[in-house]
Amino acid sequence: MALKRAAGISLEAATAIKGVVRNLRTSLDLEDDATNFPWGKDSFGKKFSEGANGYKTSRNTLLEGGEGLGNGAQGFADGQGQAADLMIASDEA
């Protein structure tokens, strides 16, 4: 059934998204604000990294959004699979 195949494709996409976010999070975890200041310690660096639209806030928002996208794709795949199973069961009844 096409819906069952689509669920598999959606699951592959969810797995890929989650993998990208996991790799990004792992890479960003290497950042250490105490010792690693790639943006500098001066006023320009602080302006870049701090605040409502600063790097740190954007970084966290990106990671949270990516995790939400991966979880949403997982839920979509699960729903497609369940719908396909119900359709197959009703056709067999």
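The stops below move from the helices to their contacts, then to the salt bridges, the loop and the surface.

**Before starting**

The model is predicted, so local features are reported only at pLDDT of at least 70 and side-chain atom pairs only at pLDDT 80 or more, while totals for chains, interfaces and linings use all residues. Numbering runs from 1 along each chain as its sequence is written, and side-chain values use heavy atoms, with hydrogens and water left out.

**Stop 1: helix H1**

Select residues 2-29, which form helix H1. Helices here are DSSP runs (H or I, at least four residues; strands are E, at least two), numbered from the N terminus. The expected span of a helix is 1.5 Å times one less than its number of residues. For the 28 residues of H1 this gives 40 Å, and the end C-alpha atoms are 40 Å apart, in agreement.

Next, colour Ala 7, Ser 10, Ala 14, Gly 19, Val 21 and Leu 28, the buried residues of H1. Buried means under 20% relative accessible area, exposed means over 50%, and partly exposed lies in between (1.4 Å probe, protein chains only). These buried residues of H1 pack against H3, where contact means heavy atoms within 4.5 Å.

**Stop 2: helix H3**

Select residues 55-92, the 38 residues of helix H3. The buried residues of H3 include Leu 63, Gly 66, Gly 70, Ala 73 and Ala 77. The buried residues of H3 pack against both H1 and H2.

**Stop 3**

Select Arg 59, which lies in helix H3. Is Arg 59 buried or exposed? Arg 59 is buried, because its relative accessible area is 16%. Setting aside residues up to four places away in sequence, Arg 59 touches Leu 28 and Glu 31.

Then move to Ala 84, also placed in helix H3. Ala 84 has a relative accessible area of 0% and therefore counts as buried. Beyond its neighbours within four places in sequence, Ala 84 is in contact with Met 1, Leu 3 and Lys 4. A C-alpha to C-alpha line drawn from Ala 84 to Ala 2 spans 8.5 Å, although the two are 82 residues apart in sequence.

**Stop 4: the salt bridges**

How many salt bridges are there? The count comes to three, a salt bridge being a side-chain nitrogen of Lys or Arg within 4 Å of a carboxyl oxygen of Asp or Glu.

- Select Asp 85 and Lys 4, whose closest N and O atoms are 2.4 Å apart in a salt bridge. The pair links distant parts of the chain, with Asp 85 in helix H3 and Lys 4 in helix H1, 81 residues apart. Asp 85 is partly exposed at 41% relative accessible area, and Lys 4 is partly exposed at 36%.
- Select Glu 67 and Arg 25, which form a salt bridge with closest N and O atoms 2.9 Å apart. Glu 67 lies in helix H3 and Arg 25 in helix H1, so the pair ties together parts that are 42 residues apart in sequence. Glu 67 is partly exposed at 33%, as is Arg 25 at 29%.
- Select Lys 56 and Glu 50, whose side chains meet in a salt bridge at 3.0 Å, N to O. Lys 56 counts as buried at 18% relative accessibility, whereas Glu 50 is partly exposed at 35%.

**Stop 5: Asp 42**

Select Asp 42, in the loop between H1 and helix H2 (43-49). Asp 42 is partly exposed, with a relative accessible area of 44%. A polar atom of the Asp 42 side chain lies 2.8 Å from the backbone nitrogen of Gly 45.

**Stop 6: the start of the chain**

Finally, select Met 1, in the segment before helix H1. Met 1 counts as partly exposed at 41% relative accessibility.

Methods. A polar contact is a pair of N or O atoms within 3.5 Å; within protein, one must be able to donate a hydrogen and the other to accept it, and residues adjacent in sequence count only if both atoms are side-chain atoms.
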